[in-house]
Amino acid sequence: MPVAFFRFRCALAAAAIAATLGPSRAEEAPERIADRQPVRRQCFSTSQTREKIEAHKLTEPLACMRAAALELSGEALGARLCWLEELFIYEISVLRPDGRIVKLLFDAATGKPHSSRTNN
């Protein structure tokens, strides 16, 4: 969902809540809606990734790429380091034999698979 559309929906919902609650509690509504925003993922550039690997003693991305390729019997296309839910993760893109690209998440600290997978 585009960010602008999400903000519009939040503003619209806040206005509806403010109209319902009245002027005394209208200022509380946007704060409560903001608390329900989805978890944001911050991904890093190549140079930032190198710095983070060194500073936090993270697993090398190549090891995770090999593991992902073996798991899916495919070809690892790339990896990027992201910060998700207070955890460094590698997002590994793998080209499966059927032509689909799958993204696997690996814990960058341990090198073990994370619980999520996305199909493209």
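1. The model is predicted: local features need pLDDT of at least 70, side-chain atom pairs count only at pLDDT 80 or more, and totals for chains, interfaces and linings use all residues. Residues are numbered from 1 along each chain as its sequence is written, and side-chain values use heavy atoms, with hydrogens and water left out.

2. Helix 4 runs over residues 61-72; helices (H or I, at least four residues) and strands (E, at least two) are DSSP runs, numbered from the N terminus. Its 12 residues should span 16 Å at 1.5 Å a residue, and the end C-alpha atoms are 17 Å apart, which agrees. The expected span is 1.5 Å times one less than the number of residues.

3. Pro61, Cys64, Met65, Ala68, Ala69 and Leu72 are the buried residues of helix 4. They cover an arc of only 135 degrees around the axis, which puts them on the same side of helix 4; the arc is that of the directions from the helix axis to the C-beta atoms. Buried means under 20% relative accessible area, exposed over 50%, partly exposed in between (1.4 Å probe, protein chains only).

4. Arg66 and Leu70 are exposed, on the face of helix 4 turned away from its buried side. Ser73 follows helix 4 and has a positive phi, near 50 degrees.

5. Ala76, in strand 2 (residues 75-84), is partly exposed at 21% relative accessible area. Its contacts (heavy atoms within 4.5 Å) include Met65, Ala69 and Ser93, not counting residues up to four places away in sequence.

6. Ser93 lies in strand 3 (residues 87-95) and is buried, with a relative accessible area of 16%.
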